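Please read them with the structure open.

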Amino acid sequence: MDLYREDVMDHYEHPRNQGELLGDDVIAEKESNASCGDMVQFYLKIKDGIIVEVKWKGIGCAITTAASSKFSEYLTGKNLEKIKSMSEDEMVQDGVGFEVNPGRMKCLMLPVKVVKKIL
Amino acid sequence: MYDPATVKKDFPILKREVNGKSLVYLDSGATSQKPSVVLDAERIYYEKHNANVHRGAHTLGDEATQLLETSREKVAGFIGSLAKEIVFVRNTTEAINLVAFAWGLDNLKKGDVIVSTMMEHHANLVPWQEISKRTGSQVEVVGLTDDGRVDMDDYRKKLKLKPKLVAFTQVSNALGTINPVKEMTKLAHDSGALVLVDGAQAVPHLKVDVTDIGCDFYAFSGHKMLAPMGIGILWGKYSVLEKMSPFLTGGGMINEVYLDHSTWSEVPEKFEAGTPNVAGAVGLMSAIDYLEKLGLDNVREHDKEIVEYALTQLGKVTNLVILGPKNSEVRSGSVSFEYIGVHAHDVATILDSEGVAIRSGHHCTMPLHNYMKVVASIRASFNVYSTKEDIDKLVEALGKVKKVFGK
């Protein structure tokens, strides 16, 4: 498989939804992969059970960065309960939307782990 | 004339392909590959001699015991020690934990100091942290010079704290630095400390003589020096080992057992509880034979040559920052570098797609990477079968990183 396909590299080079959110309606968590030195923090703004805005920040490799960027786009506008009911596998498949080899799964999973932690 | 390309033919795995490309194995610092003779030795042991050791009076049991003890003598000769000072363990990590727990719990108390260095593998830092927590002692860490050597001024300063034990590596797994272990041992002894040397990255490349170094403990693994995984060595001075309590207890290490107390076997059996890895010991003996046949001087000469070549060729690649000393005289086994602007794991994945296996991350030296302010690095590491062509292929594959990431 071509890990570094065009859309993945585009999300790495131009990450979407980077930043922070503040406020009572914001829930946030961070998670790190100690073995890589990667760290990702996600902020979800919730209004009437809908994730109305997502921001994230962190340091990481191309895979972690692109996965965080793509996942943040996917989450925006989604029903919170629906996201809560998703398994990690479903989040990767539908939310992150690209595959990596087993050795890089930890990188891909980092944003998923953070969001699971938030929920 | 030593020819690594000929040596390479002895290693079956190096003939395989990865991702449709010939495998270029540059991760020997993590574990070395094994020559056919070592694989055969293990197989023949199980086919012809397998039985449990030091138990029962039957022929196979005697043969297995004989093989284990012959291996012990072989290892002793290899590092210039006595056979009764060789303790079989699983790996370097277990060897260091043995000393930390068996020696440390009895000999360290509140306020005592253990000295270690900033370049240690986690295996030579975490056990000391653990033991210091349990005994109330403290670990003092010696800093490094800018080019990745132990800062000897800081070392002398830390020795003034009168440590009970000093633990350092002979060769850094992340920087490749060869430490002046003989001098460091002498200084530590002068301050009254015992000395443990982590030899995991040294024994595969350098001629090691523990008597010459003068240390009290020396730990290494078989699997980094062409032997199978799961066999390692703790060498200790007999007079020191003799006074130590056992580490693991149970079968194989006892003299007499009563319901309320037991007595211990002599050293080294005292430290070898449970069924040992006899096949591993046989494999290790075969690996030593193989290395001796290649000639340890040739092995070191080749190591120096390949490190020198890697330093030169990688030095020409833009966006690379090489870690550790630039002089191959004080380096062994590996060259680590940072690829500016691209995460080490991304570099590793792209190199893997070209069949090139390297290590990425912090190589079990997280404090060192924090100290150098490097998030993660890439390490190319070598062994007797590594060729200049392997380095050329690495450099070529790094070109693909440039293509994908545009830097």
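1. In this predicted model, strands β16(B) and β17(B) (residues 377-381) run antiparallel and are joined by three bridges. In β17(B), S377(B) is the bridge partner of G361(B).

2. The two strands belong to an open sheet of four, ordered β13-β14-β17-β16 in chain B, with antiparallel pairing. β13 (320-322) and β16 (359-361) of chain B are the edge strands, each pairing on one side only. On average, neighbouring strands of the sheet are turned by 30° against each other, direction ignored.

3. Two helices pack on this sheet. α11(B) touches β13, β14 and β17 of chain B, and its direction makes about 15° with that of β14(B). α12(B) touches β14, β16 and β17 of chain B, its direction making about 155° with that of β16(B).

4. Chain B is assigned domain 1 (4-30 + 295-405) and domain 2 (39-292). Taken over C-alpha atoms, their centres are separated by 28 Å. The contact between them takes 26 residues from domain 1 of chain B and 23 residues from domain 2 of chain B. On the domain 1 side, α11(B) gives the most, with five residues. That side divides into twelve nonpolar, nine polar and five charged residues.

5. The contact between the chains takes nine residues from chain B and ten residues from chain A. Helix α12 (residues 344-353) of chain B supplies the largest share of the chain B side, three residues. The chain B side consists of three nonpolar, five polar and one charged residue.

Methods: Residues are numbered from 1 along each chain as its sequence is written. Chains are lettered from A and ligands numbered from 1 in the order in which they are written. This is a predicted model: local features need pLDDT of at least 70, side-chain atom pairs count only at pLDDT 80 or more; totals for chains, interfaces and linings use all residues. Two residues are in contact if their C-beta atoms, placed from the backbone, lie within 7 Å. Ala, Val, Leu, Ile, Met, Phe, Trp, Tyr, Cys and Pro count as nonpolar, Asp, Glu, Lys and Arg as charged, and the others, Gly among them, as polar. Domain bounds come from an automatic or database domain assignment. Two strands pair if DSSP finds at least two bridges between them. Axes are lines fitted to C-alpha atoms, for helices over the stretch in contact, and angles run from 0 to 180 degrees between N-to-C directions.
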